[in-house]
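I opened this notebook to keep a record of what I looked up, going from the loops to the sheet and then to the chain as a whole.

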Amino acid sequence: MMGENKWMGKRWEDMDTDVLVKIFKELNLVELSPVSQVCRLWRSACSDPLIWGTLDFGLLKSNFIQTRASPYIWVDDRSDKRLARILRVAMAISCGNVNCMIFHYNLFMKDEHLHFISERSPHLKRLVMPAWNRITKVAICQAIQRWQELESMTMPTIGHPPYIMEEIARSCKNFTELKIMGSFDQQFASAILQFLPKLKVLSLRCSKVSMDALQCLLNSMEYLEVLNISHCLLLVIAANGRKQVVHELDSQIFERASRLREFHYCQSRLCVACQRMVVDEGIMRWYRYEDWFWRRDEVRSLDLQDYGKLFDAGCERLTSVE
Ligand SMILES: [Zn+2]
């Protein structure tokens, strides 16, 4: 029959790209790598934005030990090399199509890693990088300068926040969302107010937050629409440096927060996250808890959900055996 002959004569190269992309979307990074080398058509299908929209390395961690001096961790050489290799493969196949990149809080990148990915992901809109210990100011600022389309970032607490806020304000005109993991003080709030006054979404979930900083946000951030202070340890810091935990917010705070579109707040002895926060004295020790715990957020756009397919448990296993 005609139809049959036509089918028999069809070659791989004639296959519809959409169909290929659908199939390749089910593969992980390790499986995609050889597939991308079959032919030009397959290579281009492998780099489709549908596959690379979110590059989730949430399962990839460094082998490290904590140290006393800055940067307070030491990472073994094999981890660094493995990370470089995985980033090389991912960036080569994705061809600049990554929109969102997620890293684990125990993955400690170096300047050279950051430099490499920022050069090869010009359209990045969202970055989740909860650990910066080994990254220099110069390197992070250079990366931000390259990511001009950046809209959203999850970052750790840092000692001197103004420089990074200033760089974001200068380079990323569409930046609206920020999540900070660790602690949030008056200095941080002032830096945001000074450089990112039009920020719309801020999450401090499970952080140690000073009441001064919270008041500063509520009083002065006119454009803020969404604020998450769920399970935070709220502190009043007296002039003599004494810290006192605030167990309940007063009505004035709630009144100010009522103009927000979303205000997420949870402070309860019955809440598991709040209990953990108290046990950990305000600096959440994420490694003690379920693997997904750090990825959650009450703000839907900041929630990382389950681990992505591209770098799944299969990749983690394969890349650790050498
Ligand atoms: Zn809670």
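Where is the place of Tyr72? I found Tyr72 in the loop between E2 and E3, where helices (H or I, at least four residues) and strands (E, at least two) are DSSP runs numbered from the N terminus. I note at the outset that this is a predicted model, in which local features need pLDDT of at least 70 and side-chain atom pairs count only at pLDDT 80 or more, while totals for chains, interfaces and linings use all residues. Residues are numbered from 1 along each chain as its sequence is written.

**Entry on backbone geometry.** I kept in mind that most residues other than glycine have a negative phi, and most peptide bonds are trans. Pro71 lies in the loop between strand E2 (64–66) and strand E3 (73–75), and a cis peptide bond with omega of about 5° joins Ser70 and Pro71. Tyr72 has a positive phi, near 70°. Is Tyr72 buried or exposed? Tyr72 counts as exposed because it has 12 C-beta neighbours inside 10 Å; the rule is that a residue is buried with 20 or more other C-beta atoms within 10 Å of its own, exposed with 12 or fewer, and partly exposed in between, with C-beta atoms placed from the backbone.

I then turned to Cys206, in the loop between strand E9 (201–203) and strand E10 (208–210), where phi is positive as well, near 55°. Cys206 is buried, with 28 other C-beta atoms within 10 Å.

**Entry on strand pairing.** Which strand pairs with strand E1 (residues 54–57)? Strand E4 (residues 100–103) pairs with E1 in the parallel sense over four bridges, pairing being called if DSSP finds at least two bridges between two strands, and Thr54 stands opposite Cys100 in E4. E4 also pairs in the parallel sense with strand E5 (residues 126–128), over three bridges, and Met101 has Leu127 in E5 as its bridge partner. From E4 the chain crosses through helix H7 (residues 111–120) to E5 in a right-handed β-α-β crossover, meaning that, with the strands pointing away from the viewer, the path from the first strand over the helix to the second runs clockwise.

**Entry on the whole chain.** I recorded 14 helices and 14 strands for the protein chain, whose C-alpha atoms fill a box of roughly 85 × 45 × 40 Å along the principal axes. Of its 322 residues, 33% are buried.
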